[in-house]
Structures are given as structure tokens and as C-alpha cells.
Amino acid sequence: MNEVRVGVIGCGGMGQSHMGIFKDLPRLKFTAASDSMSANLDKVVTTYGVKGFSDGHELIKSGLCDAIIIATPHYFHPEYAVAALQQGLHVLTEKPVSVNASAARRVNDAAAKRPDLKYAAMFQMRTVSRWKKVHQIVASGQLGEMRRFHWTATGWFRTQAYYGSGSWRATWAGEGGGILANQCPHNLDLVYWITGMPKRIHAHLKLGRYHDIEVEDDVIAYFEYPNGATGLFVTSTGEFPGSDYFEIAGDRGKLTFTHDGKIDLTLTDGSIAEFCKTSPGAWSSPTSSRMTIEPPAGGGGHKDVWLNFIAAILDGTPLVTPGVEGLHSVEISNAMILSGLTGKTVDLPTNHAEFDDLLRGLIRKSKKSTTLPPGL
Ligand SMILES: NC(=O)c1ccc[n+]([C@@H]2O[C@H](COP(=O)([O-])OP(=O)(O)OC[C@H]3O[C@@H](n4cnc5c(N)ncnc54)[C@H](O)[C@@H]3O)[C@@H](O)[C@H]2O)c1
């Protein structure tokens, strides 16, 4: 095989955005599309001359595709991913891999049964140069053991009109949450990728603080890690201008970056904990060196994830954004929702049955839609 025949399931904003990239991907052939809304499907079929299917399962069974991208509302991601893996297709799913961790686990189980297939998630922020650099610095151990991270990620301003742009948006039944389900899967994937998995989370959520919506649009969460490290994550779709302030403190220094894209890195000459215990000086502090790192501008994004996905299928290149790792950001998001809505501190991994019960309860009480989605 020297090219990958790709089908797109979900031909809305993001699905069509992916189609716009295909012309830059030499070893990809766009062969089929599916959408439950005929206007979107007809437009794509006419524009690209591909075969159209009103039901994504028919596309999966058509024999026209080696791989699919799933760009539907969230609850359909695991359903199509499992069906495609069982049919022998490679899968690239949009984020989040699922709304609830139990569904993400079902996809991971299906992927585990087909190790010959590639299952990836569209976590394109992992390919952005500054995040690659942060990941590389932390993973190299230069900062020493993590003690604390702090991320104020409020650059997600959205208007009421945005929430009105699709009936599935900002509903428990259609989207499965608000900012945590839609915008923050990227942030939470990076939190997992860079800091690892927390063991406990306590979160405060505001439902519809800035918008007339039933789901959360404002979150403050406190994390605890197995080694005693802590974290603070702040996000909102109601603040403008947004901030993107990230800081991680370790036993050998600190890394920060802000909107200008530069990384400010201070590395101490030894362990800070050791210095704290042994230094005779009451007011002394560790010697250190400070540097500014400017990761190359641009780079990264959806195209890089596609190139990696195609190379993984055709050349065996390791995936940069493995779909199975998408479970972690869902676990973190589910823990925040469980904590925020019950007032409890939540241990991870979450109790999947408890989260699914909570979600079903929210849907049953919803004034927007009480129909249970697939996977619940
Ligand atoms: N990675 C990114 O940067 C990024 C950016 C935006 C959106 N997204 C993700 O892309 C996905 C789609 O978001 P969007 O903004 O394009 O939404 P959208 O509403 O514009 O498009 C969704 C499309 O899916 C179709 N659809 C609904 N149910 C379907 C089904 N069962 N089978 C087939 N088609 C179905 C709808 O008719 C619609 O055309 C979401 O998961 C979202 O989180 C990712």
C-alpha cells in the first residue's frame, strides 16, 4: 500500500477544514464522506467528487476506505471508532476521544484487539513547537521532580452566538459538557503529556456563568500528584482578553511561558530541596542560570497530525498522538465535572459508573434535550 484511502465522518466545520488540508497530503486519497445532514454532505460530495453516505456505518462498511477521520459531535466518536476498528480500518478521531471515560475505555479495548491498526486522536497541540519544547525540557529531567504546575488557559472566549451555532452545542445530551468537553481536551491532553496523571482533583465549576447555557463555561481545579506535587488549572470561555500562562516548578528550577511564545527557564545548580535542608544561610538561595528560549514560530497543527498518522500507517512511524492516550484527558475532565457538581474531592481513575450516572441524571433533568446519546 502506498497511499491511504480516507473517509470523513462528520462534514461540518472541522470535517471540511480537514478536507481543505488533504490537497497538501501526497499519500492520502479522499474517497468518501458521511454526514447525517444532507446539506453538508451534498456540498462535500459536489465539491470533492467523493462517494457520500448519510450513515457513517455504511461508509465504514463500504470498502472504499482504509482509514477514517471522525469529526462528528462528541458522543458519536467512540461509536464510530469501535465500528471502524472492528471493520479493520485505521482511525483518527477528533477530540475528545469520548465524553465519558467508560466509552474511551471501550475504544481502547477495541484498539487493543487490533494492534495492526493505527488509532490516533487529533491533539494537534502536541505538534506545536513551543509545547514540544516544554515537553522535551520536562521529560529530559532538567527541571528535576515536578513540585507544582499552574496553567491559566482562558484564551477560549466564545459568544452566545457560537453556542447557538449548533443544537448539540453546550448541552449535556449533545456535547456532554462545556469548555471541558470542547475546548479543553487540548489543554488536558498537554497536562497529561507534560505532567503525567494526577491522583486526585478538586474542582469548582460554574454552569452558564457567562452564557445562557446549561453546561460549564468557567472552571478552577486543584490537582494532586502521586509524588505530592500540586497543580492549578483555570479556564473560561467568558473572559477577554484570554491568558495562556503556564508555569511548572521542579526540584531543579522553573519553566514559564506566556502569550509571547517565549520560554523562560531557570535551572539551579543542584537540588532545591537539598539546598533548603543543608544551606547554613538564613536568607540564601540556590545559584542558578536563567535563559530565554524562543521555539521556532509557527509549525505544528492539524497537518502535522495527519502526516504522522499517514506515516504511521504506511511506514510504521510511531504515533505522536495515540488515541489510547485520549482516555487520560477524559479521565481528568470527568473528575473535574464529578468534583465540581458534587463538591467532593475525586480520586483518579474516576468511578466510571458514578460519572455515567451523573451524566444521565443531568440529561434527564435538562431543559434542552433529555434523549440519552449513544454510549450512555
Ligand atoms: N482539533 C480541533 O482543532 C477542533 C476544532 C474544532 C472542532 N473540533 C472537533 O470536531 C468535531 C466536530 O466539530 P464541528 O465544530 O465541526 O461541529 P459541526 O457541528 O460544525 O459539525 C458536525 C457535523 O457532524 C454531523 N453529524 C452529526 N451527527 C452525525 C452522525 N451520527 N453521523 C455523521 N455525521 C453526523 C453534523 O450534521 C455536522 O455536519 C467535534 O468533536 C469538535 O470537538 C476539533
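The second largest cavity has a volume of about 30 Å³, where a cavity is a set of points, on a 1 Å grid over the protein atoms alone, at which a 1.4 Å probe fits but cannot get out. Volumes are the space filled by probe spheres set on the points, with grid points joined across faces, edges and corners. The structure is a predicted model, in which local features need pLDDT of at least 70, side-chain atom pairs count only at pLDDT 80 or more, and totals for chains, interfaces and linings use all residues. Residues are numbered from 1 along each chain as its sequence is written, and side-chain values use heavy atoms, with hydrogens and water left out.

The lining of the second largest cavity (residues with an atom within 4 Å of a point) consists of Tyr162, Tyr163, Ala170, Glu175, Gly177, Gly178, Ile179, Asn182 and Gln183. By class, four of these residues are nonpolar, four polar and one charged; Ala, Val, Leu, Ile, Met, Phe, Trp, Tyr, Cys and Pro count as nonpolar, Asp, Glu, Lys and Arg as charged, and the others, Gly among them, as polar. Ala170 also has a positive phi of about 55°, although it is not a glycine. This residue is located in the loop between α7 (160-163) and α8, the elements being DSSP runs numbered from the N terminus (helices H or I, at least four residues; strands E, at least two).

In total there are two cavities of 30 Å³ or more. The largest cavity holds about 70 Å³ of space, and its lining comprises Pro96, Ser98, Val99, Leu180, Ala181, Pro185, Leu188, Ser329, Val330, Ser333 and Asn334. Two or more lining residues are given by α8 (185-195) and α11 (326-342), with α11 giving the most, four residues. The lining has seven nonpolar, four polar and no charged residues. Because domain 1 (4-124 + 301-321) and domain 2 (126-295 + 329-365) both give residues to this lining, the largest cavity lies between them; the domain bounds come from an automatic or database domain assignment.

Pro96 is found in the loop between β5 (90-93) and α5 (101-113). A cis peptide bond also joins Phe240 and Pro241, with omega about -5°, and Pro241 is in the loop between β10 (230-236) and β11 (244-250). For context, most residues other than glycine have a negative phi, and most peptide bonds are trans.

The largest pocket has a volume of about 1100 Å³, a pocket being an open set with protein on both sides within 12 Å along at least five of seven lines. Of its 46 lining residues, Ala71, Thr72, Pro73, Trp168 and Arg169 are the closest to its centre. The elements α1 (13-22) and α4 (76-87) give two or more residues to the lining, which divides into 16 nonpolar, 24 polar and six charged residues. The largest pocket lies between domain 1 and domain 2, because both give residues to its lining.

The ligand is surrounded by 25 residues, the closest being Met14, Asp35, Asn40, Lys95 and Gln124; a residue is near a molecule if one of its heavy atoms lies within 4 Å of it. Polar contacts (pairs of N or O atoms within 3.5 Å) include one of 2.7 Å between a ligand oxygen atom and a polar backbone atom of Met14. An oxygen atom of the ligand is 2.8 Å from an N or O atom in the side chain of Lys95, and a ligand nitrogen atom is 3.4 Å from a polar backbone atom of Ser36. Taken alone, the ligand exposes 850 Å², of which the protein buries 84%, with accessible areas from the Shrake-Rupley method with a 1.4 Å probe.

Key
A polar contact is a pair of N or O atoms within 3.5 Å; within protein, one must be able to donate a hydrogen and the other to accept it, and residues adjacent in sequence count only if both atoms are side-chain atoms.
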